Amino acid sequence: SVYPLVYEQGGKEYLIDLRHQNWEVPYSITLTKFIHEKHPGMGMASNFESRVIKTEDGVEQDIAIRMNEPMRHLGYTFFQSSFSEDPRTGITSSTFAVVKNPADEFPLYAMIVVTFGMALHFCLMLSRHLTTQRGQRAS
C-alpha cells in the first residue's frame with residue numbers, strides 16, 4: 001500500500017494520510033417508500049424516488065428525494081445515489097450521497113444582492129427621468 005505517504009524534510013519524517021471525514025447530521029432520516037420507475041419498453045431508469053421522514057427535535061416531516069431533486073437542510077445535501085432490493089425478502093434500501101456544503105445558499109444571496117441593486121438602479125433612473133420631464137415642462 002502507498003498510504004500513508006511518507007515525506008522527509010530536514011531530518012524529520014512526516015506522514016500524510018487522506019481520509020474521508022464522517023459527520024453526524026443533526027437529524028434522522030427514515031426511508032418509508034422507494035419508487036423505481038423505468039422508461040416504457042426499456043430497462044433504463046426514468047426516476048428513483050425515496051420517500052423519507054426527516055425527524056428533527058421531535059418534529060417529523062415527509063420529504064421526497066429524487067434523482068435530480070436533492071434534499072437540502074442545514075448545509076447538508078442528500079442526493080439519491082442508488083438503491084438495492086433483496087429478491088429473497090423484498091426489502092428495499094436506498095443509498096444517499098451526503099455532502100456538507102456551507103456555501104449552498106450563496107447563489108440565493110447573490111441573486112438577492114443583484115435584485116436589490118437592479119431595483120435601486122431602476123429607481124434612480126426613474127427619478128432622473130421624472131426630474132428631466134418636469135424640467136422640460138416648466139420651460
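Two strands are taken to pair if DSSP finds at least two bridges between them, and strands themselves (E, at least two residues) are DSSP runs numbered from the N terminus. By that rule strand E1 (residues 5-9) is joined to E2 by five bridges, and the two run antiparallel. The structure is a predicted model, in which local features need pLDDT of at least 70 and side-chain atom pairs count only at pLDDT 80 or more, while totals for chains, interfaces and linings use all residues. Residues are numbered from 1 along each chain as its sequence is written, and side-chain values use heavy atoms, with hydrogens and water left out.

- The C-alpha atoms of Asp 17 and Ser 94 are separated by 30 Å, and the two residues are 77 apart along the chain.

**The sheet E3-E4-E5**

- Three strands in the order E3-E4-E5 make an open sheet with antiparallel pairing; E3 and strand E5 (59-66) stand at the edges with a single partner strand each, so one side of each is left without a neighbour in the sheet.
- Neighbouring strands of this sheet are turned by 15 degrees against each other on average, direction ignored, where axes are lines fitted to C-alpha atoms and angles run from 0 to 180 degrees between N-to-C directions.
- Strand E4 (residues 45-56) is joined to E5 by eight bridges, the two running antiparallel, and Ser 50 stands opposite Ile 65 in E5.
- Asp 57, in the loop between E4 and E5, has a positive phi of about 55 degrees although it is not a glycine, and at 77% relative accessibility Asp 57 counts as exposed.

**The sheet E6-E7-E8**

- A further open sheet of three strands has the order E6-E7-E8, again with antiparallel pairing; strand E6 (71-73) and strand E8 (92-100) are at its edges, each with a single partner strand, so one side of each has no neighbour in the sheet.
- The twist in this sheet averages 30 degrees from one strand to the next.
- E6 and E7 run antiparallel and are joined by three bridges, with Tyr 76 in E7 as the bridge partner of His 73.
- Leu 74, placed in the loop between E6 and E7, is a residue other than glycine with a positive phi, near 55 degrees.

- Leaving aside residues up to four places away in sequence, Ile 63 touches Ser 50, Arg 51, Val 52, Lys 54 and Met 71, where contact means heavy atoms within 4.5 Å.
- Phe 79 lies in strand E7 (residues 76-85) and counts as partly exposed at 31% relative accessibility; beyond residues up to four places away in sequence, Phe 79 touches Ile 65, Pro 70, Thr 95, Phe 96, Ala 97 and Val 99.

Notes
Helices (H or I, at least four residues) and strands (E, at least two) are DSSP runs, numbered from the N terminus. Buried means under 20% relative accessible area, exposed over 50%, partly exposed in between (1.4 Å probe, protein chains only).
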